[in-house]
Amino acid sequence: MELVKDLISIRDLEKKHIDLILKKSSEMEQALKEGKQLNSLKGEVVATLFFEPSTRTRLSFQTAAMRLGAKVLSFESIGASSIVKGETFSDTIRMVDGYANLIIVRHAKEGSARYAAQLAEHPVINGGDGGNQHPTQTLLDLYTIKRAKKKIGGLNVTLLGDLKHARTMRSLLYGLSMYGANTTLVAPKGLEMNREVISEARERFGAKVEEKSKMDLTDADVLYLCRVQKERFSDQYEAEKVQKEFRITEDSIKGVKDDLIIMHPLPKVDEVAPEVDKSKYAYYYEQAKMGIPVRMAIMDAMVV
Amino acid sequence: MPLVVEKIENGTVIDHIPAGMGLKVLEILKIDRNYGARVALMMNVPSKKVGKKDIVKVEGKSLDEKAVNKIALVAPNATLNIIKNSNVVEKKIVQLPKELRGAFKCPNPDCVTNLEPIETLFRMEKPEERRLRCGFCETMFEAKELIS
Ligand SMILES: [Zn+2]
């Protein structure tokens, strides 16, 4: 990227980097709308190495690369942790570094993309490293918010669900804080966001972060949801009670702001009632579409 | 009555270790029953400054930067006296390192550094609380979590 070589963690980025990506994303979206074929990655090879399967994310990266005129090398592992049995992660990265001009890595181990970036001469994008980071998701979330609301600073954003395990939420809080949004965190007992993450947002950016145990969406401009998984509870009765309480139904969106948008990283299961899917507040399908222009913008900025 | 401990001829004296951490310092120096030379560990020595302290004297050992950095984590106010021919030739006060390379294993089992032999990296993010962040998985740890 102009200024950073690899895109590994939202923590490596400054606001000016994100500003650049958001601006470029909007240009990419416009170009896509006009049906323009872009060629900024013509003659380049982009490798998507998915040691952990995520067809949705992989296809999004591949589409974005092809939209910029690149050729794509791809592999998605189904269970096994290396392309050739017994080959180490580092050997795979070194080998692919010899073929490709840009490498996208997804691996269940936390820090794997950072390690790949250390090994490879070509730029590396983190496509998700276990429970740690998924920076392109965060950037597309920020772009989606900016696109819908024309700004991020000053917005009231509610993050709701299992905030302890969702990496999406941690990185998003970081990004929102950078822009000066007011964030409300609503999580079931025991699944609250890590204290460390909250204090980092407060100390580093002076972020306004509030924690609540009950959902109150009256002032929210953005509601960002993630799933509360049953497996996180030992007591199934408790699990069902919490899932019901955190489910977004027609009732939960009564009295909300007229221009509230509801976001979700997808795939979702049953955390949103079908009536809400059909409502004007549902913005997650729109959000999912933003994956392409935002990843185009990122790749375009990385290969110089 | 003061405890008399033989002087060492060549080696290192580590003083002002918080009481109870002396054993940890020996562990960091990889000193166990197989270490051939003289070693003294004094525990709970009265100290004007801190009440009680531990002192470690090791014959025939000079400490590299890695070891000094590790000691700084358990004993941030420790002083090192380098002894040559029974004389103190150098006195050093340990300093909390900004980063530690290859000093500790990452306690996060899902960290990539536990997948392949990678030199670990921890950065001191909150020196006053002695909290460090893994340069790979980005998890924060207390110094004592790394040492144990
Ligand atoms: Zn780690």
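Author: A polar contact is a pair of N or O atoms within 3.5 Å; within protein, one must be able to donate a hydrogen and the other to accept it, and residues adjacent in sequence count only if both atoms are side-chain atoms. By that rule, 14 residue pairs, both at pLDDT 80 or more, are in polar contact across the interface of chain A and chain B. This is a predicted model, in which local features need pLDDT of at least 70, side-chain atom pairs count only at pLDDT 80 or more, and totals for chains, interfaces and linings use all residues. Residues are numbered from 1 along each chain as its sequence is written, chains are lettered from A and ligands numbered from 1 in the order in which they are written, and side-chain values use heavy atoms, with hydrogens and water left out.

Reader: What makes Arg133(B) and Glu200(A) a salt bridge?

Author: A salt bridge needs a side-chain nitrogen of Lys or Arg within 4 Å of a carboxyl oxygen of Asp or Glu. The closest N and O atoms of Arg133(B) and Glu200(A) are 3.3 Å apart, and the count between chain A and chain B is six salt bridges.

Reader: Why is the arrangement around the zinc ion called tetrahedral?

Author: Four donors count as tetrahedral if all angles lie between 85 and 135 degrees. The angles at the zinc ion are 105 to 117°, so the arrangement is tetrahedral.

Reader: Is Cys106(B) buried or exposed?

Author: Buried means under 20% relative accessible area, exposed over 50%, partly exposed in between (1.4 Å probe, protein chains only). Cys106(B) has 2%, so this residue is buried.

Conventions:
Donors = N, O, S within 2.8 Å, 3.2 Å for Na, K, Ca; no water. Tetrahedral: all angles 85-135°; square planar, octahedral: opposite > 155°, others 65-115°.
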